[in-house]
Amino acid sequence: MNVLVLVGSLRPDSTNRRLADAAVAHLPADVQATVFERLADLPHYSEELDHDDALPEVARDLREAVADADALLLVTPEYNGSLPSALKNAVDWTSRPRGASAIAGTPAAVLGASGSPRAAQWAREDGVRVLRVAGADVLEDTVGVGSAFQAFADGRLTDPELDDALRGLVRRLAEQVRAHRTAA
Ligand SMILES: Cc1cc2nc3c(=O)[nH]c(=O)nc-3n(C[C@H](O)[C@H](O)[C@H](O)COP(=O)(O)O)c2cc1C
């Protein structure tokens with residue numbers, strides 16, 4: 001099983017990157033996870049670019065990575081009460097072509113970390129909504145980390161209850177993939 005991770009913060013010392021790493025550490029041993037590292041290179045979505053002869057290579061690669069993935073993990077900071085544009089742009093690219101998109105039917109889950117105690121709640125809610133509209137099979141439950149600059153030590157969440165919630169969510173995502181396979 002292969003999980004593709006999209007991290008909405010582009011900075012190297014990102015708390016959301018730490019959250020993504022902590023989530024990946026909780027995946028069952030037989031699950032591989034890959035972070036798509038080129039969101040910063042992805043042009044803004046334009047239908048002018050969305051043709052075989054104009055499609056940017058990075059957009060093609062993102063679509064292939066999503067198509068190859070059994071599940072998606074969206075890890076989002078909150079920027080002005082919503083998703084950062086890098087993450088929304090990635091969802092937009094993977095939601096096309098309409099009717100044959102890479103993301104349609106893909107199991108997905110949303111995590112978020114912010115510096116405030118509100119734990120990126122609006123960004124997480126928006127993440128669930130845009131993934132659902134894009135056609136992903138997204139879990140309603142999310143995990144949010146507030147006051148994120150103080151929330152990690154040695155690559156783990158320091159709050160044991162929050163860490164349990166994180167483990168529970170990523171394991172449910174893996175179970176959802178297995179359920180999809182059984183149904184197929
Ligand atoms: C443009 C911008 C807008 C932000 N808006 C919010 C916000 O609406 N709510 C919030 O809790 N934090 C907001 N923040 C603070 C982020 O939560 C904080 O920078 C967070 O650490 C970003 O995640 P990262 O550590 O993964 O980069 C904003 C930060 C930036 C740069």
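**Ligand site**

I started with Ser9: one of its polar side-chain atoms sits 2.7 Å from an oxygen atom of the ligand. This is a predicted model, and I kept that in mind throughout. Next I looked up Arg11, where a side-chain N or O atom also lies 2.7 Å from a ligand oxygen. Then I moved on to Ser116, whose side chain places a polar atom 3.2 Å from an oxygen atom of the ligand. How much of the ligand does the protein bury? The ligand taken alone exposes 620 Å², and the protein buries 70% of that.

I then listed the surroundings. There are 14 residues around the ligand, and Ser9, Arg11, Ser14, Thr15 and Asn16 come nearest. Sorted by class, I noted 9 polar, 3 nonpolar and 2 charged residues in this shell.

**The sheet**

On to the strands. I found an open sheet of 5 strands, paired in parallel, and I wrote down the order as S2-S1-S3-S4-S5. Which strands are at the edges? They are S2, residues 32–35, and S5, residues 137–145, each of which pairs on one side only.

I took a closer look at S4 and S5. Strand S4 covers residues 107–113 and runs parallel to S5, with 6 bridges joining the two. One residue I followed across was Leu111, and its bridge partner in S5 is Val143.

**Helices over the sheet**

I went to H4 next. Helix H4, residues 121–134, lies across S3 (71–76), S4 and S5, and I noted an angle of about 165 degrees between H4 and S5. What does helix H5 lie across? H5, residues 160–183, lies across S3, S4 and S5. Its angle to S5 is again about 165 degrees.

I finished with the loops. Which peptide bond is cis? I found it from Arg96 to Pro97, with omega near -5 degrees. I placed Pro97 in the loop that links helix H3 (85–94) and S4.

My last stop was Ala119, which is not a glycine and yet has a positive phi of about 60 degrees. I traced Ala119 to the loop between S4 and H4, and H4 is one of the helices I had already seen lying across S5.

How values were computed
Residues numbered from 1 in each chain as written. Predicted model: local features only at pLDDT ≥ 70, side-chain atom pairs only at ≥ 80, totals over all residues. Heavy atoms only, no water. Near = heavy atom within 4 Å. Polar contact = N/O pair within 3.5 Å; in protein donor to acceptor, adjacent residues only side chain to side chain. Areas by Shrake-Rupley, 256 points an atom, 1.4 Å probe, with all protein chains shown as cover. Nonpolar A, V, L, I, M, F, W, Y, C, P; charged D, E, K, R; others polar. Pairing = 2+ DSSP bridges. Helix = DSSP H or I, 4+ residues; strand = E, 2+ residues; numbered from the N terminus. Contact = heavy atoms within 4.5 Å. Axes fitted to C-alpha atoms, helices over the stretch in contact; angles between N-to-C directions.
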